Amino acid sequence: LRQALTFGVTTELDMGSVPATMIPLRAEVEADRSFADVRSASFSLTHLDGHPHQFRKGLNDPVWPTATTVAEAAGFVDDRISEGADYIKLIAESGAAFGFQLPHVPPEIHAAVIAEAHARGKMVMAHAMTLHETEQMVDAGADGLAHLFADTAHTPEIVDRIASANVFVVPTLA
């Protein structure tokens with residue numbers, strides 16, 4: 001965060017983290033203005049065995065909270081807000097863009113979380129790596145896409161669909 005500010009980046013978006021790490025970091029940033037600001041989603045909504053857990057084995061993460069039913073959506077959102085989340089992050093990642101399958105949260109749960117987040121004044125960012133998953137997130141009302149799909153080339157139709165829905169896209173720089 002200090003290096004980011006040195007290069008003129010005033011705010012970074014954390015797309016998912018463990019509150020025990022992010023809460024102290026945010027307090028440090030608040031107290032020391034030589035850091036770029038950081039906004040966080042806290043825990044991202046993902047399946048307990050879904051992305052990014054395939055990369056995090058052995059890192060001693062706590063069990064990530066999730067929502068497995070539509071009825072659990074409100075509690076998931078409320079818990080992230082209580083952790084200090086600035087926005088809610090959804091992971092719509094089946095692994096299909098990369099040639100494998102991962103368990104993933106069903107679209108109706110994503111839609112319920114989006115509705116609950118919006119009811120509480122929170123924006124929703126979505127990680128969607130296929131065109132199909134991107135379309136689902138746009139249709140469900142996500143406010144932004146943390147990445148763009150990687151399974152096919154974009155078309156004017158999907159660009160128009162994203163723009164017409166007023167969905168913003170955050171380019172992934174690393």
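Trainee: Where is Pro52 found?
Mentor: In the loop between strand E2 (37-40) and helix H3 (53-56). Keep in mind that this is a predicted model.

Trainee: What kind of peptide bond joins His51 and Pro52?
Mentor: A cis one. Omega is about 10 degrees.

Trainee: And Ser42, where is that found?
Mentor: In the loop between E2 and H3.

Trainee: Is Ser42 buried or exposed?
Mentor: Buried. The relative accessible area of Ser42 is 4%, and the cut-off for buried is under 20%.

Trainee: What is Ser42 in contact with?
Mentor: Arg80, for one. Leaving aside neighbours within four places in sequence, Arg80 is in contact with Ala41, Ser42, Phe43, Pro65, Ala85 and Ile88.

Trainee: Which helix does Arg80 lie in?
Mentor: Helix H4, residues 73-82. Arg80 is buried, at a relative accessible area of 2%.

Trainee: Back to phi. What about Asn166?
Mentor: Phi of Asn166 is near 60 degrees, again positive in a residue other than glycine. Asn166 sits in the loop between helix H7 (156-164) and strand E6 (168-169).

Trainee: Buried or exposed, that Asn166?
Mentor: Exposed. Its relative accessibility is 67%.

Trainee: New topic. How many aromatic pairs does a search of the whole structure find?
Mentor: It finds 2. One of them is Phe98 with Phe100. Their ring centres are 6.4 Å apart and the planes are at 25 degrees, so that pair is stacked.

Trainee: How accessible are Phe98 and Phe100?
Mentor: Phe98 counts as partly exposed, at 46% relative accessibility. Phe100 is partly exposed too, at 35%.

Trainee: Now the whole chain. How many helices and strands?
Mentor: The protein chain has 7 helices and 6 strands. From the N terminus, the order is α-β-α-β-α-α-β-α-β-α-β-α-β.

Trainee: What is the radius of gyration of the protein chain?
Mentor: 16 Å. A compact globule of 174 residues would come out near 16 Å, so the chain agrees with that. Its C-alpha atoms fill a box of roughly 45 × 35 × 35 Å along the principal axes.

Trainee: And how much of the protein chain is buried?
Mentor: Buried residues make up 40% of the 174. The chain exposes about 9,000 Å², with carbon and sulfur atoms supplying 58% of that.

Trainee: Last one: how far apart are the mean positions of the positive and negative charges?
Mentor: They are 6 Å apart, for 11 positive and 23 negative charges.

Note on methods:
Residues numbered from 1 in each chain as written. Predicted model: local features only at pLDDT ≥ 70, side-chain atom pairs only at ≥ 80, totals over all residues. Heavy atoms only, no water. Helix = DSSP H or I, 4+ residues; strand = E, 2+ residues; numbered from the N terminus. Rg over C-alpha atoms; globule rule 2.2 N^0.38 Å. Buried < 20%, exposed > 50% of the residue type's maximum accessible area, 1.4 Å probe, protein only. Areas by Shrake-Rupley, 256 points an atom, 1.4 Å probe, with all protein chains shown as cover. Lys, Arg positive; Asp, Glu negative; His and termini not counted. Charge placed at Lys NZ, Arg CZ, Asp CG, Glu CD. Phe/Tyr/Trp six-rings, centres within 6.5 Å; stacked < 30°, edge-to-face > 60°. Contact = heavy atoms within 4.5 Å.
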